[in-house]
Amino acid sequence: FWLYFANGIIVNILSVYLLGQGQTALATSTIVIAGSIFSVLLQPLLGALTDKLGRPAAIITVTLTVATACCAGFAVSRTVGLLFLFNGLMLSLTDSVSLLFEQLAAKNPFSYGSIRIWGTIGYAVAAQVASIVYETIAPVAVFWCYGAGMLLTLLALRAVPLETLISQKSESRSDRPARNKGGVAKLLKNPSFLLFLALCLLFRGVLTV
């Protein structure tokens, strides 16, 4: 709930906030799309680190702490370059952790839907909170809500077992190169994967725009 709440706070009000700060439509769209651009690099990196180090709690804590710091940087920035940088890091790091949380939701004794619904509720609540805070308190106050959501996420995380995020390496190291050789090339020739990319372009791409 709290992770999606924090993410929803920013995503739902970002364009309104930037336009309200005097940014042009072109600058606003450039800043908004930064999260997707940064995610191309950071999401695979975070997943690889989680697999390699086997310490998901530490990685998630550091990632969300850095994302919160980037949110603070975004709140005080006014130039397009800094806004692009901080927003790209903030949203891509949050989305990267969301992927790990999706794994947690799928790998436990409870049904996926009964857990995942709380993320949806958190995101929906954030849309209302962001608009109310923006209008009645101050535009910059929405970033305080993001920080509060991240803090509550980290506190709640202490009660969640994360063993399912630790990859089980049953094969020996000598087996891996042969097994993974040409993996990327094979993936790009996989019809199912290409269809997945096309659907993401049509749905997520258009939705983001």
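Which residues form one aromatic cluster? Phe 1, Trp 2 and Phe 5 do.

This is a predicted model, in which local features need pLDDT of at least 70 and side-chain atom pairs count only at pLDDT 80 or more, while totals for chains, interfaces and linings use all residues. Residues are numbered from 1 along each chain as its sequence is written, and side-chain values use heavy atoms, without hydrogens and water.

**View A. Aromatic pair of Tyr 17 and Phe 143.** The structure holds eight aromatic pairs (rings of Phe, Tyr and Trp, the last by its six-membered ring, with centres within 6.5 Å; planes under 30 degrees apart are stacked, over 60 edge-to-face, the rest tilted). The ring centres of Tyr 17 and Phe 143 lie 5.0 Å apart with planes at 85 degrees, so this pair is edge-to-face. Because Tyr 17 lies in helix H1 and Phe 143 in helix H7, the pair ties together parts 126 residues apart in sequence (helices are DSSP runs of H or I, at least four residues, numbered from the N terminus). Both residues are buried (under 20% relative accessible area, 1.4 Å probe, protein chains only).

**View B. Contact of helix H3 with helix H4.** The axes of H3 (residues 34-53) and H4 (residues 56-76) come within 9 Å and cross at roughly 150 degrees (lines fitted to C-alpha atoms over the stretch in contact; angles run from 0 to 180 degrees between N-to-C directions). Leu 46, Leu 49, Thr 50 and Leu 53 of H3 meet Pro 56, Ile 59 and Thr 63 of H4 (contact means heavy atoms within 4.5 Å).

How values were computed. Helices (H or I, at least four residues) and strands (E, at least two) are DSSP runs, numbered from the N terminus. Buried means under 20% relative accessible area, exposed over 50%, partly exposed in between (1.4 Å probe, protein chains only).
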